[in-house]
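Subject: Handing over the two-chain model

Dear colleague,

Please find the structure just below, and keep it open while you read the notes that come after it.

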Amino acid sequence: MLKTIKSRIIVFTLIILFILSGASIFLLKLSYEHNKELEIRALGFAISYYSEVLNKRIGQFEENVVDMTIMGETFYYSGSDRKKSTLEALLYENFKKDQTSQGGGIFFEPYVVKKNQKFFSSYAYESDNGVLIDNGFNNEVHSYFKKSWYKELKEEFAKGKMVAWSTPYVDDVGTKSLMITAGSPLYTYKHELLGIATTDWVLDDIIIFLKAIKPGENSFIVFADLTHDFIIAVDKNGIDGKSYIGKPLSSVEWYNSSLKNEDEFIYQDTAYIFFDKKLENNMILIMGVPRNEFLREINHRTNYMILMLIFSCLFLTLIIYIALYVYVNKPIDYMKRKAEEIGKGSLNVKMEIKSPKEFADLSSSFNQMTDNLKDYISKAEKANYEKEQIETELKIAKTIQESSLPNVFPPYPERCEFDIYAFMETAHDVGGDFYDFFFIDEFHFVFLIADISGKGAPAALFMMSTKTMMENISHAGYSVDKIINTLNQEICKNNKQGLFVTIFCGILDTRDGIISYVNAGHNPPIIKTQKETYYLEAESNVILGAFDDVMYKKGEIKLNKDDAIILYTDGMTEATNSDKEFYGEEKLLASVKNADFKNNLKRASFEVKNKLKSFTRESEVADDITFLALKYLGNDTKRRKLILPPDIKYLNVLLNSFETILLRNRTEKSITEKVNIVIDEIFSNIVKYAQLKEEDDIISELKVGKNEIILTFTDSGIPYDPLKHEDADIDLPLEERELGGLGILMVKNMSDEIRYKREDDRNILQIKFRIP
Amino acid sequence: MKLKKVKSGTGLRFILEGRIDTTNAADVGMAINDELDGIKELILDLKDLEYISSMGLRVILELQKRMKEQGKMKVVNVNDTVMDIFRMTGFTKFMTIE
């Protein structure tokens, strides 16, 4: 998934953005906390400020009520007449002046102002029609002595307080409002209580005030009196909180829970931030602000910033994506397409990228590469074509060279005086070695082996011309030294290249086995007789092609029956194995010694070759390997032995060869015909049924005696006794006659004696014909 | 081996010369067989035949079988050796030899 550059860069970018976002969110959180603290502090300031305002207000009430006590005491001591109207006028003036309180009054103790008057009080309050004087308290029904506030205040004064506040109550005389009252006692000089002065604070007024300072819609504010432990006023989310008024502070659940945590509490699943401020006269202002509401602004701001952050990240990613697509992916795709086209072989494809620079450089490198490639390929193609042509030509040359050497064995199957086998393996496509053999007259058989200095085509050409020259100058009646001298002169004539030839050439006289030979710088041949195997110490002359005036000297050796002479080139003795060891003359000699040249020349030659191969193994053959073996079989006119491959095409060779002997011995025609038919039947039978391999042989032997002719066939095929073969039924009518079985029948009928034996895994069949 | 052909209407005469041996018997058989369409009488003249191998006998056997279907066949000018062969292989029993 992350295999492409694009996805990797995008992921990398996302990781960086993620880290940046994390850092930003961390910073946001810090600033959020900071802002929150600032907000809390601001609210703290606000509540301090408002509590100051309240303090002032309370102070005003208290100052005013103290003023009123002085007013009342002054009135008391003003004289004996103490007109009520005077008091009323004082109050009127006071409330006209004082805008703080709703109302207030001076209430005297029973009978202190006038001995006959139980109720003496005056009360003034503000109404829509200005300040009104109300004396409604001065009767038994509304007796101020019975009022809660009067009793409560008096209790406080009894404790020695000079200013005190009442619990909330409903004024049923003047304003008919819910209110609290501040009071101060009037004393005589002797500190006897004369009465009390009061100012009223209507709770609605307080609530309006509280509402004004409330920071949010869902915040709530409690204003309470700690002295009496009661709630003066509440403003709470839609409820005016009247049910709480006058109740102890402990009845407020959230206030109680808030005591556990100093600045926060949970109420009805909402988190509130909590503030409180004690006022001067032991009153307290408590405020709860819902966290959400309080932090709404900060949250808004933070959310906005987070949103901006996310949007920026996405935008950045998109931009990077587009940039990657345009600057990386598109050129890469383009180059990929082009490279694929090039890969398919269209080297004329050009990449055309102008930007970005890296890809422009790369594409120009690519173009350079395809140009070079094209150039190289065309050169290589040309070279390859030329090379192929040369190779083909060399192959043809090799075939020509190979076919120029006699390579059908036996080459003279009808000649029974000798057997010859030769092979050549060239190290290069064409080689400089060669062997050759031919008759120059009926009894003189020339055979030779030669090695041209140098290798490859020049050596091969030189070899061909040498071979041709050799054939052309070898005439009947020529001795071997004469032939070689002539050859040397011919070679010297046209040898501008300075190539030279080593050669061993011999002429076998088939009548007596005498070989006359010349060795011109060649390896000494091996002679293998029945008793020993040795290197022929032939007189070694100088190589051919060096000096045209050299006279080559010949040597002579006589081969007896079954003796063999083995010729080879230095490719054999100088063949090396992987350890760079030479095969050497000793090993070669040993291999010749161990091979059975007497019985089978061809197989013995293969043995010698295989010994060499098993020595060199895989190491490359450095030089041509050429080998020629000649075995003298004697010149017996009564006998003939032919060793032939198991191929029916040799049947005629066999027939002709044996017929020659029979003719020489003046054998009767009718017997010759019988012998021929038997040879035909037996030879073809062995070829067909003996399951011989290509390299196996069929040995056929003819012996002409005084009274009989003996024919012997030897093969290494599967055991087969023709005598056990059931004869064809010759009495059947035409329609029922089978095709097989006639041959053996004929052999049996035409010969006089047939013997079969199996010996050394070979079938030996001997057939005799009597001569009458 | 040489093979000479003389044709006259539905009659066909082959003159065989040399040897019919294992190597050429099949070719001889085919050469003769190819000419046999519509032939009513086949004559094999063995005047110059040196010998005949068992493969050659097979060919003659096949020719005889075929000619029995479409007409007749006879062998003429048989020398002693070949005659011996025909005799020893029982061919004289079903062949017309003159």
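Predicted model: local features only at pLDDT ≥ 70, side-chain atom pairs only at ≥ 80, totals over all residues.

Residues are numbered from 1 along each chain as its sequence is written, chains are lettered from A and ligands numbered from 1 in the order in which they are written, and side-chain values use heavy atoms, with hydrogens and water left out.

The interface

Chain A and chain B bury about 2,400 Å² between them, with 59% of that area on carbon and sulfur atoms; buried area here is the accessible area (1.4 Å probe) that two parts lose on being put together, summed over both. Chain A gives 27 residues to the contact and chain B gives 25, where contact means heavy atoms within 4.5 Å. The rule finds 1 salt bridge across this interface, that is, a side-chain nitrogen of Lys or Arg within 4 Å of a carboxyl oxygen of Asp or Glu. The salt bridge joins the side chains of B:Arg19 and A:Glu659, at 2.6 Å from N to O. On the side of chain A that touches chain B, the elements giving two or more residues are helix H13 (651–664), helix H14 (669–689) and helix H15 (742–750), and H14(A) provides the largest share, 7 residues. Helices (H or I, at least four residues) and strands (E, at least two) are DSSP runs, numbered from the N terminus.

Chain B

Chain B has 3 helices and 5 strands, which follow the pattern β-β-α-β-α-β-α-β when read along the sequence. Of its 98 residues, 53% are buried, and buried means under 20% relative accessible area, exposed over 50%, and partly exposed in between (1.4 Å probe, protein chains only). Among contacts in chain B between residues at least 6 apart in sequence, 68% join residues at least 24 apart.

The nonpolar cores

A nonpolar core is a set of buried Ala, Val, Leu, Ile, Met, Phe, Trp, Tyr and Cys residues joined through side-chain atoms within 4.5 Å. The largest one has 75 residues, of which A:Phe447, A:Ile484, A:Phe597 and A:Leu630 touch the most other members. Strand S15 (residues 444–452) of chain A gives the largest share of this core, 7 residues. A second, separate core of 70 residues includes A:Leu734, A:Met750, B:Ile32 and B:Leu42. Returning to A:Phe597, its contacts beyond four places in sequence include A:Ile566, A:Val592 and A:Phe627.

Single residues

A:Ser184 lies in strand S6 (residues 178–187) of chain A, and this serine is buried because its relative accessible area is 2%. Its side chain reaches the backbone oxygen of A:Met162 at 2.7 Å, and among the residues that A:Ser184 touches, not counting those up to four places away in sequence, are A:Val65, A:Phe157 and A:Ile196. A:Leu90, by contrast, lies in helix H2 (residues 84–97) of chain A and counts as partly exposed, because its relative accessibility is 32%. A:Leu90 and A:Ser122 are 32 residues apart in sequence and 9.8 Å apart in space, C-alpha to C-alpha.

With best wishes

Terms used:
Polar contact = N/O pair within 3.5 Å; in protein donor to acceptor, adjacent residues only side chain to side chain.
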